[in-house]
Amino acid sequence: MITKQDCRKINNYIWEISTSFKPQMTVPVWIFADEELLEEALKDLSVTQAVNVACLPGLAGHVAIMPDVHQGYGMPIGGVMAARVPDGIISPGAVGYDINCGVRVLASGIDYKSAKRHLPELATALYRNCPSGVGGKGSVPLSAEELDKMCRQGAKWALEKGYATEEDLQRTEEFGCLEGADPNSVSKRAKDRGRGQLGTLGAGNHFLEVDVIEEIFDQDAADIMGLYEGCLAIQIHCGSRGFGHQICTDYVQDFQLAVINYGIQLPDRELVCAPISSKEGQAYLGAMKAAANFAFANRQTLAYHARQSFEEVFGSQTGNHALRQVYDIAHNMAKIEQHNINGEEMTVCVHRKGATRAFGPGFEGLPPEYQEIGQPVLVPGSMGTESWILLGTEANDALSFGSSCHGAGRVMSRSKAKKEIRGERLRGELEKEGINVRAGSLPGLAEEAPQAYKDVNRVVETVSQAGIAHKVARLRPVAVVKG
DNA sequence: ATGTTC
């Protein structure tokens, strides 16, 4: 059991567990949290899991955990780990089962007050046009060849098919395509699961939400990002569906043998990994990129259907009615990046699991207008609560390998939430607050109740005070579509 | 998160 006494306070928002805590640790753990969130993080296995991650071979700097952290498979959700290249490792469990789970925000000039009476109709149109639910099938089934092509090209495939604009791609992490995706490293089973799932939302905490931009904190940045106070925006939160899930399952199994072959000592079987330079490590990296590109194409296809829904309700998409992309960012991904770590320029494989990239101003992988302000960080709150749009900072390179938080973070397990919260009653409460709810499953709705999550405002305040990201805008939900 | 246990 890890207690507060094991955490050395670096400042009001950063705590450290040093390598002397456990002999096998190769790097320290940094916890980004205020006192209350630190106590929250110590209640489940989050910090224990972060300490386990810090025992892996070939790490750089420290393991970071975000204020929205909660326990996950092997590595906590809300964790960041950097492995040295070429002598470090890559771990499927440190990316997560939902490879490139992520979020996309599009914003409009449609005034909420004048659009309010159309929201029930809009929610219904979005629910109809964006298939959801476990096993949900999309409207664009792909041949085996087309799936491979989509996996190599990501959102570029969607551009070719007419589901995207050039600006959408510009305003997507990695421009919507990770180079080096390898469909040959993806099992037939994963492909069979994925072929029918493009353009689907899925279930669990995945959702599509209509929000009103409630408050602006950085007017200059908001102008550049196209965020207008009092106007409608949408969030699309989903990932690589059964495709990415199967890839993770396959490689977690494969790597059991790799761990033995390469003589890697593990603190937890769930942290199976392989040397990043090994054939096993490279195969996973190629497959993970294929899943990441699937997710980029998936959110792009959903954005297309969302735009169609807006058009059905508000008429032709011209002028103020256009839904312009703000950004699209991954929550679960491993990336080869350069970072200055303890004064040394290093190439590392940054594993972000329930954490986003949050690069500061000047980063070349951004469109010109964002190079001035830094990379947008999209932080969806729990259902029925606020969401945030932030910007990455220059300082976060040394703090978190250029990473930030990804959401509110669970405090109640799915099973407990399902037992304690009635979906029907929750729907009534949300509707009473003026949120139009379209949910395929009431027990599913209960799992995502606001009470099951931390306070997203507190999480955002922490990353802001810690210097990882800064506030641009707060969003309030007015319609939610869920599986 | 997930054809919620091949």
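## Basis

This is a predicted model, in which local features need pLDDT of at least 70, side-chain atom pairs count only at pLDDT 80 or more, and totals for chains, interfaces and linings use all residues. Residues are numbered from 1 along each chain as its sequence is written, chains are lettered from A and ligands numbered from 1 in the order in which they are written, and side-chain values use heavy atoms, with hydrogens and water left out.

## Surface near DNA strand B

There are 16 residues around DNA strand B, and Arg 193, Gly 204, Asn 205, Arg 241 and Arg 414 come nearest; a residue is near a strand if one of its heavy atoms lies within 4 Å of it. Helix α10 (residues 241-261) supplies the largest share of this surface, four residues; helices are DSSP runs of H or I, at least four residues, numbered from the N terminus.

## Polar contacts with the DNA

Sugar or phosphate accounts for 58% of the atoms of DNA strand B within 4 Å of the protein, and bases for the rest. A polar contact here is a pair of N or O atoms within 3.5 Å. A phosphate oxygen of DNA strand B lies 2.4 Å from a polar side-chain atom of Arg 414, and a phosphate oxygen is 2.8 Å from a polar backbone atom of Ala 203.

## Cysteines

The structure holds zero disulfides (pairs of cysteine sulfur atoms within 2.5 Å). For Cys 101, the nearest cysteine sulfur is that of Cys 238, 7.7 Å away. Cys 101 is buried, at 8% relative accessible area (buried means under 20%, with a 1.4 Å probe and protein chains only).

Note on methods
A polar contact is a pair of N or O atoms within 3.5 Å; within protein, one must be able to donate a hydrogen and the other to accept it, and residues adjacent in sequence count only if both atoms are side-chain atoms. Helices (H or I, at least four residues) and strands (E, at least two) are DSSP runs, numbered from the N terminus. Buried means under 20% relative accessible area, exposed over 50%, partly exposed in between (1.4 Å probe, protein chains only).
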